[in-house]
Amino acid sequence: MANHKSSKKRILVTAKKNAINTSRRSAVKTATKKVLSAIASGDKATAINATRAAESKIMKSAGKIMPKKRAARKISRLTKKVAAM
């Protein structure tokens, strides 16, 4: 257990950041799955809209929960799959 005031604060801040990062990671996964399911169903309009939403979520998480290059790679791969429809 933390004894110093600063240590107690760090525990609270870490817990808050952990919750935010978990939420962001989950949102990225959900958005990606929506794009993939739209591609699987063959609905191009829905896939394009889902790709825009997923791109927004991924770029917001770039540099926070994942490296920027990984985010760019994810967006590129999703865009390629939608374009190949």
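**A close look at one position**

Mentor: Ser61 is buried, because its relative accessibility is 1% (buried is under 20% relative accessible area, exposed over 50% and partly exposed in between, with a 1.4 Å probe and protein chains only). The model is predicted, so local features need pLDDT of at least 70 and side-chain atom pairs count only at pLDDT 80 or more, while totals for chains, interfaces and linings use all residues. Residues are numbered from 1 along each chain as its sequence is written, and side-chain values use heavy atoms, without hydrogens or water.

Ser61 belongs to helix α2 (helices are DSSP runs of H or I with at least four residues, strands are E runs of at least two, and both are numbered from the N terminus). A polar atom of the Ser61 side chain lies 2.8 Å from the backbone oxygen of Ile58 (a polar contact pairs N or O atoms within 3.5 Å; within protein, one must be able to donate a hydrogen and the other to accept it, and residues adjacent in sequence count only if both atoms are side-chain atoms). Once neighbours within four places in sequence are set aside, Ser61 is in contact with Val28 and Met66 (contact is heavy atoms within 4.5 Å).

Val28 is one of the buried residues of α1, along with Ala31, Thr32, Val35 and Ala38. The buried residues of α1 pack against both α2, residues 44–61, and α3, residues 68–83. An α-helix has 3.6 residues a turn, so residues three or four places apart point the same way. Helix α1 itself covers residues 5–41, 37 residues in total, and its 54 Å from first to last C-alpha is close to the 54 Å expected (1.5 Å times one less than the number of residues). Just after α1, Gly42 adopts a positive phi of about 85 degrees.

Ser61 is also part of the packing between α1 and α2, whose axes are 9 Å apart at an angle of about 160 degrees (axes are lines fitted to C-alpha atoms, for helices over the stretch in contact, and angles between N-to-C directions run from 0 to 180 degrees). At that angle, α1 is therefore roughly antiparallel to α2 (under 35 degrees is roughly parallel, over 145 roughly antiparallel, 65 to 115 roughly perpendicular and the rest oblique). On the α1 side the contact is made by Ala27, Val28, Ala31, Thr32, Lys34, Val35, Ala38 and Ile39, and on the α2 side by Thr46, Ala47, Ala50, Thr51, Ala54, Lys57, Ile58 and Ser61. The crossing of these two helices is left-handed (the near helix is turned anticlockwise from the far one by less than a right angle, whereas clockwise is right-handed).

With a relative accessibility of 10%, Thr51 counts as buried. Beyond its neighbours within four places in sequence, Thr51 is in contact with Val35, Thr79 and Val82.

Helix α3 can be described through its two partners. The axes of α2 and α3 come within 10 Å and cross at roughly 175 degrees, which means that α2 is roughly antiparallel to α3. Among the α2 residues that meet α3 are Thr51, Ala54 and Ile58, and the α3 residues that meet α2 include Leu78, Thr79 and Val82. Helices α1 and α3 pack at about 15 degrees with their axes 10 Å apart, which means that α1 is roughly parallel to α3. Here Thr32, Val35, Leu36 and Ile39 of α1 touch Leu78, Lys81 and Val82 of α3. The crossing of α1 and α3 is left-handed.

Lys29, in α1, is exposed because its relative accessible area is 52%. Ala72, in α3, is partly exposed because its relative accessibility is 42%.
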